[in-house]
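Please look over the sequence and the structure before reading on.

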Amino acid sequence: MTEERKPVPRHVAIILDGNGRWAKKRLLPRNAGHAAGSKNVEKICSAAWNMGIEYVTMYAFSTENWSRPQEEVDALMKLLYSYLKDCIKTSKKNNMQVRVIGDISRLEADLQEQIRALEECSAQNTGLHFQVALNYGSRDEMTRAIRNMGCDIQAGKLDPAGITEETIADYLDTRGIPDPDLMIRTSGEQRLSNYLLWQMAYTEFYFTDVLWPDFDRAELEKAVAYYQDRDRRFGGVK
């Protein structure tokens, strides 16, 4: 009798942490760590798809990251622009659909244009659904959602009495995307950092001391194995 194959998570959310520490260990500038981390994104996306994972969401730049030193913020924006530009080729090569979540209105016009171009050119791809959280914060996301709901109520487009959890989900940046089954945070930190708070109500959390640039397929497999060994219960029902 063959052993039943355990399902892999359909959606994995990742907090990419440890780029700066990775660089510091090697006596390199922090920006070198961010560059190494960006190069790791495609490898993990490819590994995830090959393992049967359908959705991957990565936390690239939070609303709180603006408080970092201006020099580092400028370097990150430059790196993000370069990455998103390269991602057009990557998405075609890997048949990957890319979507950016977060409030992009604060970003420079050329970066906003790059995001729109990437989403448009990859919209019909049928492989991995890859979400990049950029200028994203969960509280900001929910604030914007409530503001938009209020406008629709005032305009008579939404009946307050008919609001459900599904209604709220449709106003979030992640509308149409299934909630994460597994959240991975690298580098040993054990907090959510304002990430997908609504969406991760029933998500399994996996924390590892491995720094993001060193997080490879073997480490992803460990995280998935942890998820598969969990006794998933919802409302007391297995």
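## Basis of the model

The model is predicted: local features need pLDDT of at least 70, side-chain atom pairs count only at pLDDT 80 or more, and totals for chains, interfaces and linings use all residues. Residues are numbered from 1 along each chain as its sequence is written, and side-chain values use heavy atoms, with hydrogens and water left out.

## The sheet

Six strands make up an open sheet with parallel pairing, in the order β3-β4-β2-β1-β5-β6. Strands and helices here are DSSP runs (E, at least two residues, for strands; H or I, at least four, for helices), numbered from the N terminus. Two strands pair if DSSP finds at least two bridges between them. At the edges are β3 (97-101) and β6 (204-207), each of which pairs on one side only. From one strand to the next, the twist averages 20 degrees.

Inside the sheet, strand β2 (residues 55-62) runs parallel to strand β4 (residues 129-136), and seven bridges join them. S62 has Y136 in β4 as its bridge partner.

## Nonpolar cores

A nonpolar core is a set of buried Ala, Val, Leu, Ile, Met, Phe, Trp, Tyr and Cys residues joined through side-chain atoms within 4.5 Å. Buried means under 20% relative accessible area, exposed over 50%, and partly exposed in between (1.4 Å probe, protein chains only). The largest core has 43 residues, and I14, M58, F130, I184 and L220 have the most contacts inside it. Helix α3 (residues 70-94) gives the most to this core, with eight residues.

Leaving aside residues up to four places away in sequence, L220 touches I44, A47, A48, M51, I184 and F215; contact means heavy atoms within 4.5 Å. A second, separate core of 10 residues includes A13, Y59, L196 and M200.

## The largest pocket

The largest pocket is lined by 30 residues, and L16, Y59, A60, N65 and R68 lie nearest its centre. A pocket is an open set of points on a 1 Å grid over the protein atoms alone, where a 1.4 Å probe fits, with protein on both sides within 12 Å along at least five of seven lines; lining residues have an atom within 4 Å of a point.

## Glycine 137

G137 is found in the loop between β4 and α5 (138-154). Its relative accessible area is 0%, so G137 is buried. Not counting residues up to four places away in sequence, G137 touches Y59, T63 and N194.

Definitions and conventions: Axes fitted to C-alpha atoms, helices over the stretch in contact; angles between N-to-C directions.
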